[in-house]
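Open the model in your viewer and keep the selection tool ready. The tour goes stop by stop.

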Amino acid sequence: MAAAALTAGLAACGEGESGTVTTPPPSIDTGQDDGASDAGGEEPSDAGGADDAGSGDGSAEAAPDIPAPDPADFPGMDEQTPEGAEQAFKYFWAVAMSGYQGADAAELSRMSDPNCGNCTELLSEIDDLQEKEDVWSRVDISDVALGSEEGTGGYDVIVDYVFILPAHEEPGAGDQDGASVEESEFATSGGLVWDGGSWKVVDFSAGPRESDSQ
């Protein structure tokens, strides 16, 4: 399932060549959890061939007409400030989530440091889904928390971002069936550097956050 693969990739990100984010928020669950993923699914795409995710009220099929996020909605992300880094990291995830739905995710490459192995894996997985036209159903993420602190270990800033991934449909992997994924909070932490007039993601970790009531 795409969500499980995504979570696995993010959880492993701290083990890459560029080092790990040194101060991830304590709420991050770096274990693999099938509950991780994005949102909504009320209006699933009706494109594509086989119903890879054929359950629930829709299926994850061929790429719908999903627009890429507008940089204008992330004011200050090109400024060399902590707030700018926060907006840049938020934009990074907005592009990634739209990419899983079939939108252009080329901005991820521009925003990724060459040594960010997890960024490369993220792009590769999105490209693979889009090539097979097995994208997620429609999701609209919403913010929960966004903050930052001065970076260490080669990072200029460390940004913590938590967002809601609503219930949605995901395609299956290989011969596996697709699945309906329940709503969850997704917590991310990224190490960013200012390079060439813009923020670059050097490494990141992320995973579903369990409810405080559990």
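**Stop one: a loop proline**

Select Pro-69, in the loop between α1 (2-11) and α2 (82-100). Keep in mind that this is a predicted model. Is Pro-69 buried or exposed? Its relative accessible area is 18%, and the cut-off for buried is under 20%, so Pro-69 counts as buried.

Now show what surrounds Pro-69. Leaving out residues up to four places away in sequence, Pro-69 touches Phe-74, Tyr-91, Ala-94, Val-95 and Ser-98. Pick Ser-98 from that set. Pro-69 and Ser-98 lie 29 residues apart in sequence, yet their C-alpha atoms are 7.4 Å apart in space.

**Stop two: the helix α2**

Next, select residues 82-100, which make up α2. The helix has 19 residues. From first C-alpha to last, α2 reaches 28 Å, close to the 27 Å expected at 1.5 Å a residue. How many residues of α2 are buried? The count is 17 of the 19, so α2 is largely enclosed by the rest of the structure.

Step past the end of the helix. Gly-102 follows α2. Check its backbone: phi is positive, near 110 degrees.

**Stop three: the disulfide**

Finish with the cysteines. Which residues form a disulfide? Select Cys-116 and Cys-119; their sulfur atoms are 2.1 Å apart. A search of the whole structure finds one disulfide.

Terms used:
Residues numbered from 1 in each chain as written. Predicted model: local features only at pLDDT ≥ 70, side-chain atom pairs only at ≥ 80, totals over all residues. Heavy atoms only, no water. Disulfide = S-S within 2.5 Å. Helix = DSSP H or I, 4+ residues; strand = E, 2+ residues; numbered from the N terminus. Buried < 20%, exposed > 50% of the residue type's maximum accessible area, 1.4 Å probe, protein only. Contact = heavy atoms within 4.5 Å. Expected span 1.5 Å × (residues − 1).
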